[in-house]
Amino acid sequence: MVALQTRRAAPPVHRRRRSPDTVRQRRAGVLFSAPAVLVILLFLVAPMLMALWVSLLHWDGQSNPFSGSARFVGGANYSELLGHDGLLRRDFATSVRNTLYYVLLDVPLVTVLSFGLALVVNQRILRGRGFFRTVFYFPSITSSVAIGVTFLFLFQGGGAVNAILSLVGVQGPSWFTDSRGLVQIVLAGTGLVDPGHLPGWLAAQGMGLSVWDWLAGPSVAMCAIIALTVWSSSGTFMLFFLSGLQNIPVQVEEAALVDGASTWQRFRGVTLPLMRRSTVLVVTLALIGSWQVFDQVYVMSQGSPGKTTLTPAYLSYTTSFGDGNFGGGAAIAFVLFAIIVLFTAVQRWFGRERS
Amino acid sequence: MTGRKRYARLVGYALLAVGTVLYLGPFLIQVANSLKTDPDAASHPLSLIPDPLSLVAWGKAFGFDTALDVPLVRWIVNSFVVTLSVTVGRLVIDSMAGYALARLRFPGRRAVTAGVLAVMAVPGVVLLIPKFLVLKQLGMFDSYSGMILPLLCDAVGIMLMKTAFEQVPAELEDAARIDGAGVLRTFAEVMVPLARPSLITVGILSFQGSWNELTHFLVATSDPKYQTLTLGIAQLTAGPLQGAQQFPLKLALATLSTIPVAVVYVVFQRHFVRNQVSSGIK
Amino acid sequence: MKALIAAGAAAVLLLAGCGSGYDSAKSDGGSDKPITIMFGSSGEAETGAVKAAAAAWQKRTGHQVRVVPAQNLTQQLTQGFAGGTPPDIFYTDPTMLQQYADGGSLYPYGDQLPKSTVDDFYPALRQAYTYQGKLYCAPKDLNTHALVINTDMWKAAGLTEKDYPKTWADLTKVATRLTTKDHVGLTVGGDHNTVGSFMLAAGGWFVNEDNTKVTANSPANLAALKYLQGNVQRKVFATPKSLDAQNPGEAFGKGKAAMDVDGGWVEGQLKSDYPNVHWTAVELPAGPKGRGTTVFSNCWGIAAKSPNKKLAVDLVKSLVAPGQQKAFMNAFGVIPSRQSLGTWAKQTDPKLTAVVDGVEYARGTVSIPGFTSVLADFDTQLEKLFTGGTSPQAALDTLQRNGDDAVKQK
């Protein structure tokens with residue numbers, strides 16, 4: 001969840017004369033950075049290597065994985081996960097599908113919303129901007145667990161959201177029990193597709209899921225979780241856009257004003273291009289975050305209804321600690337890692353500065 | 001022109017009003033419903049006025065009802081012990097490492113900088129099982145040290161402090177050197193005070209992060225006596241109180257867990273927002 | 001970066017060397033550490049009763065006991081076993097038995113119990129906890145599915161005791177008659193447990209007699225699923241979730257269903273949450289192949305790594321003693337695991353007569369390692385089935401495929 005703008009770092013360290021200081025500095029440097037290095041080695045690098053080893057084992061969690069008592073199976077956990085038509089692969093494919101829909105909704109929504117908030121809060125003609133900035137940022141500081149509990153309350157069958165919907169004459173869904181995807185609900189509702197008798201091409205399989213399942217769309221439960229994330233993370237992203245907006249030189253805007261450009265023209269022609277870097281940053285962070293959803297699922301749905309809120313991170317956890325299949329759980333974690341790296345790389349490539 | 005300006009202002013305030021309702025509404029509903037009886041919360045979830053006003057949920061939260069195992073005091077104590085330890089630990093470790101990387105020339109500096117940057121790219125949830133393995137191997141599973149030490153790994157904070165120290169004018173440091181101050185004294189008496197705003201940011205982020213932390217404690221402990229407030233609420237909601245049971249109690253606990261971070265945020269808000277923006281960190 | 005990884009690798013080697021918590025063969029000489037009991041509690045009543053039982057033993061022996069209600073027993077146990085710090089005593093069900101036994105985490109102490117005690121356990125339970133010829137743990141109680149009936153709604157529909165359903169056809173008939181615009185006739189938990197009881201009545205089941213082959217894809221199972229699905233589609237049966245309830249007991253208690261397929265535990269729930277509901281329970285109606293119901297139970301597992309195994313066995317002996325089992329039944333409505341207490345149980349709580357009688361022909365839950373996630377997936381299939389997302393045959397096909405996989409991997 002991190003992106004340091006290292007480019008803005010201060011000038012390099014001053015060159016000094018060689019002096020007795022040098023020796024002292026060398027020693028101090030090593031000593032000062034030692035705790036951080038030690039913590040990183042012990043609780044990040046070493047664990048990763050250990051987990052990599054475990055992902056090559058058939059380990060049920062009831063022996064010492066480093067004593068040779070657990071069976072070495074090589075890449076079997078990975079092929080089970082990606083190649084073998086079984087429950088684990090189907091679950092993994094389901095979690096990837098869920099996350100793809102999550103990305104599809106969450107990333108654009110949160111980007112547009114937080115940009116909008118930043119624009120409004122940045123308007124100089126409005127008073128009390130500091131207050132509103134605080135209001136919009138407030139959800140970002142609370143824990144996803146506490147927010148999860150609250151949203152569960154809002155979205156229950158007879159809850160506040162459905163109460164509001166009924167005010168405008170809409171009968172709200174039972175959010176956390178309907179296991180169908182939005183696309184499925186629409187298609188079945190209009191009678192275009194009968195889920196009991198799927199046409200051949202919809203019943204065709206890919207990674208253990210039928211085309212009908214791949215195209216399901218997010219379930220309403222997943223939509224509720226997406227609403228939560230959009231709501232709670234838009235404040236943080238608003239700050240990114242706000243800092244971008246505040247970095248736009250006043251002269252540029254004034255020049256556009258003198259040209260007689262309309263508000264919309266100014267926005268399209270001046271603001272938007274200058275906000276490119278902030279946008280890329282926000283999209284990247286939202287994208288990485290989307291692949292890591294865990295807390296909300298743990299608190300709100302545990303993957304149900306119908307596994308439509310199952311995420312890779314949650315699956316990795318339950319495979320390990322629920323089924324006692326730690327090799328499989330570790331393999332999921334590493335595949336997830338690879339996916340995140342891949343998506344970030346692709347996204348960076350698309351978002352690169354063009355000359 | 002003035003007409004258009006007034007119109008724009010009107011639209012702006014309307015948007016802000018809607019936004020405020022949407023962003024504060026859930027918190028108000030949370031607090032209001034924690035003060036209701038179970039049936040009242042179930043049938044009037046949207047109402048902000050409890051009818052009748054009931055402190056039963058809060059009583060339960062504080063253990064005045066034996067029906068549920070809600071050892072709230074233990075949860076809160078655990079949360080504070082862990083959160084404060086992590087915050088203090090990170091402030092020390094991050095500022096020392098940040099200073100070394102920014103200002104001290106020592107062998108391996110570039111490797112460490114690259115390493116810290118690489119660490120930032122590792123997504124947290126990927127570390128669930130790895131962390132469990134290492135804690136188990138070190139015999140730190142189910143212990144406070146196992147809850148605290150792994151959270152001291154904070155690449156973001158190190159880079160933040162590094163940036164902060166790089167921005168301190170070199171002359172100030174040189175002056176201290178000429179006065180004969182050693183590295184440690186220069187660091188503690190000259191550099192750290194100058195980097196105060198960034199220290200506050202790191203402090204708040206650490207406090208907030210470890211107070212709200214769930215996954216690490218989930219894999220680092222199994223004995224309920226190590227439950228923190230966040231973990232306790234999560235396990236209660238996912239376990240015995242799954243679904244639509246006793247929402248007022250759950251909402252009371254959620255409110256309770258929000259208060260400390262809210263207080264910290266409000267107190268340090270000004271430094272925080274500014275610094276978080278300038279460092280570009282979530 | 002390279003240096004960092006190299007250093008990390010060195011750290012790993014060190015860690016692998018100093019691993020603690022494993023393989024340290026602790027003696028059974030006993031230790032002063034308190035004995036920990038971890039269990040998945042159904043609520044206040046159960047927690048209180050276990051605490052009281054532990055306190056009584058502690059008073060008698062002077063050895064400390066810690067009672068820990070788990071939020072998620074399976075996950076907390078897995079972590080405990082893997083972390084090398086398992087609780088001494090814990091609830092285990094047949095589903096987990098083989099997995100724990102295979103992993104060497106479970107201490108088989110059946111031979112240390114008096115023969116009279118072992119013989120007194122219901123045969124179905126004894127069999128459920130015997131693995132590779134060893135009785136691993138003492139069954140603590142049992143429960144079976146019965147048909148719970150709201151007597152007020154029953155009378156309002158003009159039905160009498162003579163109308164209690166004997167067959168599936170009867171059940172459909174009364175459910176249809178009991179369905180009004182305010183409530184459905186019957187709520188069935190749409191999970192593998194309830195569906196399993198219907199499979200048994202149809203002559204089917206998930207696995208064969210000795211738990212070695214998956215028999216999901218059978219005409220009998222298909223008949224059971226079709227029967228349930230048909231009635232759900234006709235809206236005379238409904239799953240609790242579709243009635244906005246967390247479990248069937250809640251739907252029944254809230255008056256959203258006139259009948260409920262449930263275990264004896266529903267009594268506690270109704271007593272505490274819905275005291276004004278009048279109800280009775282009868283045996284489940286017979287299916288095409290006669291009566292069928294599932295027996296649910298837990299046993300008192302003891303960790304192989306416990307430093308206090310001797311004391312733990314002694315504590316378990318006191319927990320399964322007739323007096324203690326009676327106390328548990330009085331506290332939270334579980335049926336004693338001893339045959340000799342059957343008559344007593346029926347006299348003490350006549351409402352649970354049907355639940356006790358069910359044991360005679362009941363069958364225990366599946367016991368194959370890795371089957372937990374297979375059944376969890378089946379629950380998902382059932383969820384889809386009852387909301388119109390899949391067909392009975394497709395659901396069973398998936399179950400068969402997943403089950404075969406689990407058996408193969410064993």
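Modeller: Helices (H or I, at least four residues) and strands (E, at least two) are DSSP runs, numbered from the N terminus. The model is predicted: local features need pLDDT of at least 70 and side-chain atom pairs count only at pLDDT 80 or more, while totals for chains, interfaces and linings use all residues. Residues are numbered from 1 along each chain as its sequence is written, and chains are lettered from A and ligands numbered from 1 in the order in which they are written.

Biologist: How far apart do the end C-alpha atoms of residues 219-242 of chain A lie?

Modeller: An unreviewed UniProt entry lists residues 219-242 of chain A among its entries for "transmembrane region"; such annotations may be inferred rather than shown by experiment, and positions follow the numbering used here. In the model this span is 96% helix and 0% strand. The distance between its end C-alpha atoms is 33 Å.

Biologist: What separates the C-alpha centres of domain 1 and domain 2 of chain A?

Modeller: Domain bounds come from an automatic or database domain assignment. For chain A, domain 1 comprises 94-176 + 220-350 and domain 2 comprises 182-216. The separation of their C-alpha centres is 28 Å.

Biologist: What is the radius of gyration of chain C?

Modeller: Chain C holds 18 helices and 14 strands. The radius is taken over C-alpha atoms, and the globule rule is 2.2 Å times the number of residues to the power 0.38. For 410 residues the rule gives 22 Å, so chain C is as compact as a globular protein of that length, its own radius of gyration being close to this at 23 Å.

Biologist: Which residue with positive phi follows H9(C)?

Modeller: A residue is buried if 20 or more other C-beta atoms, placed from the backbone, lie within 10 Å of its own, exposed if 12 or fewer, and partly exposed in between. In helix H9 (residues 192-201) of chain C, 9 of the 10 residues are buried, so the helix is largely enclosed by the rest of the structure. Its buried residues pack against elements including strand S8 (184-188) and helix H17 (371-386) of chain C. After H9(C), the residue with a positive phi, near 90°, is Gly203(C).

Methods: Contact = placed C-beta atoms within 7 Å.
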